[in-house]
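This report examines selected features of one protein model and its ligand. Please look at the sequence and the structure before reading on.

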Amino acid sequence: MPPRKANRPSKKDEGLARTDNNLKNHSWPIIYPINQKNFYTDYLKRDDQALVWRQRSDVAKGDREVKDRGFQQDGDIEKETPGNYGKEYEEQQEVWGSRVIVIHPGSRNLRIGRASDALPKTVPNVIARHSTQSESEEEVEPRPKRLKIEDDPRDEPDDTGDSTPQRRTRGSSRKSASIVEKEAPQVDSSFQSLFHELSQDLKSQMRQNKRRVLPNSRETVINHNKKYIPENIKEHNDPYRAEWTPVSSGFMHFIGHEALHIADNSTPRYKLFWPLRDGVFNEHDYTSKRRWLEDVTTILKESLLKELNIQANDYRTLSAVLVIPDLYDRIYVTEMLDLLLREFQFAQVCLFQESVAATYGAGFSSACIVDIGAQKTSISCVEEGMVVPDSRLNLKFGGDDVTTTFMQMLLANSFPYSDINLFRRYDYLLAEDLKIKYASLNEADVVVQFHNFHVRAPGEETIKYGFKTYDEIYLAPFSLFSPRILELEDKLRGRRSLWARSFDIYDDVPNDPVSLVQNSLHKSPANEDVEMLEDINHNGGTLIKQINHSVPNSTPTGDITPKTPQPGSPTPEELSELPDGGLVSIVTGGNGNNRVGGSVVEDSEPENETPAILPLDVAIVQSISYAAKGDEKRSKDFFSGILLVGGGSMTSGLNHLLEERLVKQKGNLGNLIISSPPRELDPQVLVWKGASVFGKLNSTNEVWIKQGEYDILNSRVLPYKTLWMW
Ligand SMILES: Nc1ncnc2c1ncn2[C@@H]1O[C@H](COP(=O)(O)OP(=O)(O)OP(=O)(O)O)[C@@H](O)[C@H]1O
């Protein structure tokens, strides 16, 4: 006889519920007993359900430790009523804010301050440590890279006997103060030809815009620069002598500005380490996780002490808001969280995403945030305080790439200080300064101009140089719209060499957040196709090309692209014929300036790959189209609220050029508004400002990760404590 099924009534049982005429004798639903074998519930099986009981029992045990540390308890927050939003409430917020530290780490700058402060302190996110060689001595090739010249007379060791390439080049520079430097600096020929191409495009664009373009401007610049004789200035005649950080073998490390101002040839030698690179772990320069953690800890601790006067034993009484990228690396976030709660022992920590912070800072409820940092550019659409996950893009270029390109272009035009090497500290600072002063995206600035600057190398006489510029001041920042010209091969060197990617322990799928628009870069036409597209642009007038936006399967988000075309990638001809449903249009002007600059994506074998790049305007259109998902109203809303933040967005004329290019691409966008931060706030600190606004809100209790919770659940607490799907 087959076994009786427990949850099904037998014919005999059913019979009991029915009368002879087969009608039920009552209308109550019959509830059958549950088959215990197949029954599942997660009641009291999930961490968050148990947590509340654990916390209560902690309190019952008289665990008042946290309260003794002085930070506000849940009970205090409950006292708040909607009615007390007056002066008292503001005062309360200020007091609360003074106990919250907001930390926004960047590839170049760490921004740190109390949530109650008006502005953060900016500390270069760098540490100098004792080493046998400085970073410029360690690097074999200078930055920007030069063509190798076989019989370069400068290869002779100079009279100091120092034969390192850096020292040799510096030696020749010393000579250049007295001997006229005739030879043109050698810049890679493929760079030269791209530079020439962009320059021609700019000329025709300027002519179209009825601007005067003088013939032979570039030749004038080159001739002047070649003949320029630099001038030596005696130390006592130089009122702006550089102040170098005094060092001695007793000082094991320096951080921030002090580190940047250590002479490259100091005794003892120091080497600079930047813990973040392209917005993630710097696995290129670090060889051990422990050293990385130590450096981040030292930079943070010393910044807290020097800038905010916060001693180590105050940490336990303070809360910390950590600002993280929108498309974060999961291991980076968990490492930082662990550091702040275990090493620093902050009372509680909360995580906040950069683009949401930017909307808080600007007071926007919805916006498309374009954050151009030093080494990465991130674009995300935010709607009612939440990032639209599929709109997140992270491109591996930023202000630093503009600086390098600017120097490359100057060198191509016979820049008289031909030995500039951005690995040298004083040269890096000089190059940044020249870029900030002269780079501009205003066509009106594209004229032959004369500038001068001083090279102040440690222990040497100051040398005054003069140089002329023409279109390089425009074309260097223009590389954001034409990233093909950027030097990208070193970008992902060493990536994943220390921290492996985080995988889900159950299904072995990468844990990092997924964004469809970032993944769609897998599907963009690969480099070969892009080049064909560009050829077509050169030959024709205005063309409209469309890139298939087909949504890939949920593959992990990342940085790198295979160089070969993906199977089934559409050819340019196919692209132009695709229908418009869910597609992005790229309008390329007859001048050929607008172009798709390279495809992108990620994979587990980063070494052989190239990093994620896409022209800025194309990337914005892509991000918005993924956020709007075909809804025209939403798309218009995002286009009417594009907010430019980050240091790289401060180039003059960027807003205007971006607007022009977006209109060209999308036609009538309705109300296209590209905003800069309101109230004249510095775009570099807007994200920090927004996070500080959030940090001051004392009604955000559920997002704070407290020591006790972290002790019990570790990073498993994150799904319950983030404002987004962790
Ligand atoms: N006035 C300016 N004009 C142009 N660029 C500028 C200006 N001021 C700063 N920058 C550039 O901004 C960059 C630094 O920006 P920011 O501090 O936002 O970067 P970060 O947060 O350290 O980096 P990331 O976002 O890549 O991690 C540098 O490349 C710097 O040259």
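In strand β17, K464 is the bridge partner of E231. β17 covers residues 462–469 and is joined to β5 by three bridges, the two strands running antiparallel. Strands here are DSSP runs of E with at least two residues, helices are runs of H or I with at least four residues, and both are numbered from the N terminus. Two strands count as paired if DSSP finds at least two bridges between them. The model is predicted: local features need pLDDT of at least 70 and side-chain atom pairs pLDDT 80 or more, while totals for chains, interfaces and linings use all residues. Residues are numbered from 1 along each chain as its sequence is written, and side-chain values use heavy atoms, without hydrogens and water.

The open sheet has three strands in the order β5-β17-β16, with antiparallel pairing. Because β5 (231–233) and β16 (449–455) are at the edges with a single partner strand each, one side of each has no neighbour in the sheet. On average, neighbouring strands are turned by 30° against each other, direction ignored. In general, the strands of a sheet pair through backbone hydrogen bonds, either parallel or antiparallel.

Helix α15 lies across β16 and β17 and runs at about 155° to β16. Contact means heavy atoms within 4.5 Å; axes are lines fitted to C-alpha atoms, for helices over the stretch in contact, and angles run from 0 to 180 degrees between N-to-C directions.

## The ligand and its shell

Around the ligand are 20 residues, of which S107, N109, Q375, E432 and K435 come nearest.

Polar contacts are pairs of N or O atoms within 3.5 Å. An N or O atom in the side chain of N109 is 2.8 Å from an oxygen atom of the ligand. For a polar backbone atom of K376, the distance to a ligand oxygen atom is 3.1 Å, and for a polar side-chain atom of D400 it is 3.4 Å. The ligand taken alone exposes 660 Å², and the protein buries 91% of that; these areas come from the Shrake-Rupley method with a 1.4 Å probe.

## Backbone features

The peptide bond from R143 to P144 is cis, with omega near -5°, and P144 is in the loop between α6 (135–138) and α7 (165–176). E384 is not a glycine, yet has a positive phi of about 45°.

Conventions:
Near = heavy atom within 4 Å. Polar contact = N/O pair within 3.5 Å; in protein donor to acceptor, adjacent residues only side chain to side chain.
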